[in-house]
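Me: I'm new to this one, could you walk me through it slowly?
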Amino acid sequence: MNTQKPALKLKFGLIGVWLVLLAGCDSSYDPTRLKEASQPEFSYISDSDALSYLNDYRRGSGLFGLKFNESLSLASKNHAEYSLAHNHMGHDESSGLAKFTGSTPSERAKTAGYSSMHVLENIAYKSDFITSIDGLFSAIYHRFAFLNLSVNEAGFDAATSDKFSAYVFLMGNSELNSFCKRGVSDNGSGRFYTNVCGDKNVKIKDSRLEGFLKSTKQHVKFPDKVPVMPYFSGEIPDPFPECKITANPVSIEFNESLKDIKFVNFEIYKGEEKLRNLKILDQKSDINRKFSSHQFAAFSREVFSFNTDYTAVFSYTQENEPKQIKWNFKTKTLKFPYFEANDGDVLSVKPDMIYEIFFRPKDCNDLLTSYSYNSSALLNSEVKQSGTNTLSVKLSGMQGDMLTIKTSGGDEVKVRLSASSPKAQKERKEYIIKSALMVLGVIIVFIIIGRTLRR
């Protein structure tokens with residue numbers, strides 16, 4: 001009986017398996033589709049600087065920055081903690097539940113020591129203050145609150161856990177709050193307002209209230225001098241429900257004191273190219289009836305490009321006189337080195353670094369809702385969703401190791417290591433030595449068995 005050939009086959013089979021495991025890389029990619037990452041333009045801020053970040057946007061649109069107010073901050077903290085305690089999303093609170101401090105933003109501000117009832121609230125359920133503020137400025141109704149001409153102070157706070165986070169911002173008017181805090185009503189003849197102060201018995205004359213809340217600013221444009229994220233996705237209530245993802249809306253709001261503002265046209269240009277697929281929102285077309293007669297917005301159904309210049313042109317009449325406002329704005333980048341990925345791309349990354357992959361939507365409903373990935377056995381990979389249509393990846397392995405990602409929209413991209421990580425080299429070397437010793441041991445065993453059988 002000849003046992004040598006089967007033994008040899010098994011020996012070489014084991015060696016073959018060992019070599020495949022050691023290789024761990026996928027050569028089945030098209031090198032002509034290899035992409036290098038774009039570099040970010042991003043400034044980090046700490047949570048304590050959130051108001052500064054918000055004010056950068058306001059100043060970019062020609063507004064003064066909001067001053068910090070302790071009472072509004074406490075009211076923000078209270079509602080954030082209520083939201084976290086009950087996984088609650090909304091501006092209301094229910095009496096009787098734990099951490100209840102008021103049914104409305106104004107009542108919660110009053111509980112926290114704020115005397116005016118003129119209070120605006122914005123809330124985001126994101127992962128940090130930067131993404132919260134970016135998201136609220138891309139959400140058109142919340143944007144108008146941040147850019148409101150009648151507010152000049154704000155407070156903010158957050159409550160977070162592994163599964164739920166609430167970032168709350170409250171805005172008010174310091175002059176009106178000081179008047180209400182005094183607790184003394186205006187007197188004389190004329191028109192007066194009540195229910196403006198926490199103490200409902202305090203009356204304020206219409207001319208005084210108008211003086212507190214009015215602004216000389218004729219109009220507010222956004223985006224303007226400060227770069228913004230290229231996309232918008234989801235707001236409650238939704239201003240554009242027929243699309244799940246669009247470009248960041250471009251808006252203009254006129255001072256309410258201006259009379260007879262009539263819309264004529266709203267255009268957006270990328271260089272010389274006019275964007276064709278726009279949706280215009282105004283008081284008549286806003287399905288949620290939140291726009292005033294002085295607010296206008298243009299949504300591009302095609303997401304803007306990163307780090308790109310655009311031009312907006314708003315045409316209107318005022319008291320039948322034709323007018324036009326034209327301005328430039330720019331989009332920002334992602335936080336880490338990033339790719340705008342298309343189906344079939346191979347993305348070149350360095351080891352042990354975080355990269356972000358943005359899957360450009362094929363249409364305005366191509367939203368990334370799920371994904372799957374696989375890789376060679378010895379590649380260590382960290383993959384998570386870090387934003388709208390965006391995945392964050394970090395790989396540790398050997399040069400040529402490959403990660404394959406498939407999205408809910410049908411896209412498939414490969415992420416390929418352009419170099420080996422020191423840790424992986426050390427681990428792979430140890431693995432090679434251990435594997436070599438194991439294979440050598442098996443070979444020696446088969447040699448001994450073969451000699452024994454030949455006797």
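Reply: Let me start with how helix packing is described: axes are lines fitted to C-alpha atoms, for helices over the stretch in contact, and angles run from 0 to 180 degrees between N-to-C directions. Helices (H or I, at least four residues) and strands (E, at least two) are DSSP runs, numbered from the N terminus. This is a predicted model, in which local features need pLDDT of at least 70 and side-chain atom pairs count only at pLDDT 80 or more, while totals for chains, interfaces and linings use all residues. Residues are numbered from 1 along each chain as its sequence is written, and side-chain values use heavy atoms, with hydrogens and water left out.

Me: OK, at what angle do α2 and α5 pack?
Reply: Helix α2 (residues 50-60) packs against helix α5 (residues 129-138) at an angle of about 30 degrees, and their axes are 10 Å apart. The two are therefore roughly parallel to each other, a label used for angles under 35 degrees, with over 145 counting as roughly antiparallel, 65 to 115 as roughly perpendicular and the rest as oblique.

Me: And which residues of α2 and α5 meet there?
Reply: Ala 50, Tyr 53, Leu 54 and Tyr 57 of α2 meet Phe 129, Ile 130, Ile 133, Asp 134 and Phe 137 of α5, where contact means heavy atoms within 4.5 Å.

Me: What about α7 and α8, how do their axes cross?
Reply: The axes of α7 (residues 174-182) and α8 (residues 206-213) come within 8 Å and cross at roughly 140 degrees, so these helices are oblique to each other. On the α7 side Glu 175, Leu 176 and Phe 179 take part, meeting Arg 208, Leu 209, Phe 212 and Leu 213 in α8.

Me: Switching topic, how many salt bridges does the structure hold?
Reply: There are 15 salt bridges, each being a side-chain nitrogen of Lys or Arg within 4 Å of a carboxyl oxygen of Asp or Glu. One of them joins Asp 345 to Lys 35, with the closest N and O atoms 2.9 Å apart. That pair links distant parts of the chain, 310 residues apart, since Asp 345 is in the loop between β18 (338-341) and β19 (346-349) and Lys 35 is in strand β1 (residues 34-35).

Me: Where are the cis peptide bonds?
Reply: One joins Phe 222 and Pro 223, with omega about -5 degrees, and Pro 223 sits in the loop between β8 (219-222) and β9 (231-232). Another joins Ile 236 and Pro 237, again with omega about -5 degrees, and Pro 237 lies in the loop between β9 and β10 (246-247).
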